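I opened my notebook to jot down what I looked up in this structure. Here is what I was looking at.

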Amino acid sequence: ASVDGASDVNFRVKGAHMVSKTMLSFLLAAFLSYSSANAQDASFYQGKTIKIIAGTTTGGTYDRWARIFARYMPKYIPGSPNMIVQNMPGAGSMVAANYLYAVAKPDGLTIGMFQNNLYLDELIGRSEVQFKMVNFLWLGTQEKDPMMHYIRADSPYKSIEDINKAKEPPKCSNSGTTDLTYVMTKILEETLGAKFALVSGYQGGTEAALAVEKGEVVCRTTRMAVHFSREPFLTWDKTGFDRHLLQGGMKRDPRVPDVPTIYELMDKHKTPEVSRRVAQVLLVGDDLGRPMVAPPGTPADKVKILRDAYARSLKDPELLGEAKKSGLDVDPTSGEELQGVIKDLMNQSGAVIQRVKNLLK
């Protein structure tokens, strides 16, 4: 019995030794494979320049975030490439999106940021659209940012009810059919019956806000993060230049606790269910924040590198400190999550698409 027991122990020791050797071999192979892949990535990106195509003019929040990422993302990309921003405004970021989709090389050296409501142009079938949202490779977004509609305080419109009763609708500035003002005023028309006169053609948000200041128009929609982080809005709020009419989130933002949400107003005005569904489609841009994408066909390994670098940069203490100092919100969503959101968003019923199309025609 003692001999058999000794043999059994000896067998187990040998077996454990064999398993240990196998595990070590596996770990060594995995390490060498990782090291080789990392070296290849570093070799690819070292000395290269990654270009961020920003679909807005300089000075706006999209542009500010693009330049922040250009400073921090390279730290988390093997080979530490350079990263620059190229502004390509026009048609509510459609020029930039078309370029990213149909012109830019899908080699991991070109990425982009465009206005988050651009999906609407594809959804309703605009002829200028050369892209399919689901085919972009989504890298992530740094925030979720509800809209807010404001109006000059010296205008006669004190509330949505005043606008409903007005003989002459207020004039609002916008840069195109995916501009926040365009989208929000169409939501208000669909759900609350409020009418607005839209003045289009401004290059970007900065120019559209300046039009309010000059008196060319009296109203506009912007993002919360924009309104509470930069000029001219900071001065406007201090001097009482503008009035906040409504906000787009499900809950009231603590920065504007007395301003009703669009959902509260829909409850108050007993908005029909089909109109509510249309509003929800139009409001999805709030969850997209200011997304970053890579062109279709970008190799999977490069997409993974860029997604990882994007996510890691948003945990960088220096970036977070800079964002806090600038009043910029950070509430990230991963590229993988956004890919799923876009897939669901673009799969709408014909009835909802037709209602949206009727509003945005």
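Which residues lie nearest the centre of the largest cavity? I found Y62, Q115, L180, G205 and R220 there, among 24 lining residues. I worked on a predicted model, where local features need pLDDT of at least 70, side-chain atom pairs count only at pLDDT 80 or more, and totals for chains, interfaces and linings use all residues. Residues are numbered from 1 along each chain as its sequence is written, and side-chain values use heavy atoms, without hydrogens or water.

**The cavity.** A cavity is a set of points on a 1 Å grid over the protein atoms alone where a 1.4 Å probe fits but cannot get out, and lining residues have an atom within 4 Å of a point. I got 1 cavity of 30 Å³ or more. The largest cavity has a volume of about 290 Å³ (the space filled by probe spheres set on the points). I noted that α2 (61-72), α7 (205-214) and β8 (219-223) each supply at least two lining residues. β8 gives the most, with 4 residues.

**The helix pair.** Next I looked up α11 (residues 273-283) and α16 (residues 350-360), which pack at an angle of about 70° with axes 10 Å apart. That makes α11 roughly perpendicular to α16 (angles of 65 to 115 degrees count as such). In the contact (heavy atoms within 4.5 Å), I listed V274, S275, R277, V278, V281 and L282 of α11 against V352, R355, V356, L359 and L360 of α16.

Key: Axes are lines fitted to C-alpha atoms, for helices over the stretch in contact, and angles run from 0 to 180 degrees between N-to-C directions. Angles under 35 degrees count as roughly parallel, over 145 as roughly antiparallel, 65 to 115 as roughly perpendicular and the rest as oblique. On a 1 Å grid over the protein atoms alone, a cavity is a set of points where a 1.4 Å probe fits but cannot get out, and a pocket is an open set with protein on both sides within 12 Å along at least five of seven lines; lining residues have an atom within 4 Å of a point.
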